[in-house]
Amino acid sequence: MELSIGFLPLVDACLPILAREHGFAEAEGLSLRLVRDMSWATVLDRLLYGHSDAAHMVAPLAIATTLGRGRPAQPLSVPFVLGLNGNAVTMTPALAALVKPATGLGDARAVGAALAVVAAQRKAAGKPLRFGVVHRYSSHNYMLRYWLAACGVRPDHDVEITTVAPPFCADALEMGEVDAICVGEPWSSVAVERGVGEIVLFSAQIWRRGVEKVLALREPVMEDKRDAVEALIRALRKAGEHFVDPANWEANAAILSRTEYLDSNPLLVHRAISDHMMMTQGGAPVHFPDFMFQHREAANFPWVSQAEWLYTQMTRWDGIAFSAADAAKAARVFRPDVYRSALLGTGEPLPGASSKVEGSLANTTAVSTQQGRMTLESNQFFDGMVFDPLDLPGYLAGLP
Amino acid sequence: MRIAIIDDSVMRASVIQQGLAELDDCEIFVVTDRRGLVARIGEIAPDVVLMDLGNPSRDVLEEFFAVSRALDRPIAMFVDESDDEAIAASVEAGVSAYVVDGLAAHRVRPLIDLAVRRFNAFARLQSDLAEARGQLAERETIDKAKRILMTSRGLTEPAAYGEMRKAAMQSGRRIADIAEAVVTAHDLIGGPR
């Protein structure tokens, strides 16, 4: 069986790459071809026109494509989440100096409060702060906006938010095109290394368990190639186990950095995969556990509630009215049934439910399972809001 | 019709531009610099935008098309969704096209077809060029290996070449590979150059 997978050169493309490189795919009778591109638009085009069977994709884009936002609707399916979090908010040193504490990692509320003051000053001076995100339909955009809005900074009113391609994020900070970016690794680290940016906040500080990249396929392709897709899910779980083992970090950083994959500096990639991030040029690395989250707690399980959360943010920021029909379509993009079917009878834990109240856990909690044992750790939003998928309009009404 | 070609390869952009010049009633603008891209497109106010699929700025441009009021008319990928074949061909060739709303399909289609042909021609040109470069480099290596054999073993030029050809036939390798081995061995062992 053969599958081709499109990806962007980002550290969180790790699981398909490692599934191929370490033979996990081969062990499942699967031959993987990886297709590297430089924009999400091209990754999506290749998926829609059959150049690739599956794609590494920003989660909201899979939902936007299904709902026909920005182009004719095409139903996509997500049977596997490639990872949670792993992004950072990186600011010009001048802005960072105004909003972050003198030492150590800032707190999302405190940094947000300081940022609100600067944002108001800059708006009054006629030069509003400008943020860069990697795509309109990216988790980066939604996490950044969630944080700003909860701190009293209104996106598109008090600050501007624009799209910047990941390879140009450091340039954009240096040239003053933007004051801050929200981007995945290794691009924040590239900016830090060049001394043009300082990491101020991790996306995991905004939502401790925020959905990030997904494995997306066209719905008919997933049905046609169901056996191959299920084999891929098993191979990706194995790749995740390998990825999080500290014994493999150095070797995996070297593999991921190769020209045909990220074409990056292995030292920078190693920082991300070991959760040891350098916040400022020449500074001491900060250990932030679960900066990236690719494996534990069934991290790859496509929780329907996460698709629904993304849909609420889409209505919020695209300024479209909530529609129960669209919410249901968005929810169906995530396919826990396929994930379960692929892993049933293996040693992998499978949760009992397919949807959960997001942000409700403050402590480690054991959950009921279909198979194996599972605990979930804190999954809180920094502002303490709770997302109940049974009441989407109620949740939207309660947002600032 | 105002056509903007966005490509960070100056060479390819000019190949496309030359191809489109044969169309009547078209004004062509080439943008190769990433900086100020969006502002430049705003100024040009194109009816059609052609951009290579490998360009990292595609997401930036699509965002601009989605939210900007700078262009009078909305612009979207391709003229209509029924034209799947044309879209597939252009994705195959590595070009994305954005067309303003309301532009008639019969005006756009020839343009897209032409762009696709030029993109394909450019890709062929590049692979021919790479092949020619490779052949040239091989030629040089073979000459170098011949000189080494002539000096170290006192052979004539045809005899030196004959030796390499014999070794190639015996080991089932290409003469260029044998020559490469001779040069490498010579460099490692040292000796008169």
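User: What ipTM and pTM does the predictor give the complex?

Analyst: The predictor gives an ipTM of 0.88 and a pTM of 0.87.

User: And where in chain B is confidence lowest?

Analyst: Confidence in chain B is lowest in β4(B), with a mean pLDDT of 59 (pLDDT is the predictor's confidence in each residue, from 0 to 100), and highest in strand β2 (residues 27–31) of chain B, at 92. Chain B averages 82, and 89% of its residues score at least 70. Where pLDDT is low, the predicted coordinates should not be read in detail.

User: Switching to chain A, how many helices and strands does it have?

Analyst: Chain A has 18 helices and 18 strands, where helices (H or I, at least four residues) and strands (E, at least two) are DSSP runs numbered from the N terminus. Its C-alpha trace spans about 60 × 45 × 40 Å along the principal axes. Of the 400 residues in chain A, 56% are buried, meaning that 20 or more other C-beta atoms, placed from the backbone, lie within 10 Å of the residue's own.

User: What is the strand order in the open sheet of 5 strands?

Analyst: The order is β8-β7-β9-β6-β10 (chain A), with mixed pairing; two strands pair if DSSP finds at least two bridges between them. β8 (160–163) and β10 (198–202) of chain A are at the edges with a single partner strand each, so one side of each has no neighbour in the sheet. Inside that order, β7 (residues 130–133) and β9 (residues 180–184) of chain A pair in the parallel sense over 3 bridges, and Val133(A) has Cys182(A) in β9(A) as its bridge partner.

User: How many residues does each chain bring to the contact?

Analyst: Chain B brings 19 residues and chain A brings 20 residues, with two residues in contact if their C-beta atoms, placed from the backbone, lie within 7 Å. On the side of chain B that touches chain A, the elements giving two or more residues are α3 (58–67), β4 (75–77) and α4 (84–93) of chain B, and α3(B) gives the most, with 6 residues.

Key. Residues numbered from 1 in each chain as written. Chains lettered and ligands numbered in written order. Predicted model: local features only at pLDDT ≥ 70, side-chain atom pairs only at ≥ 80, totals over all residues. Buried ≥ 20, exposed ≤ 12 C-beta atoms within 10 Å, placed from the backbone.
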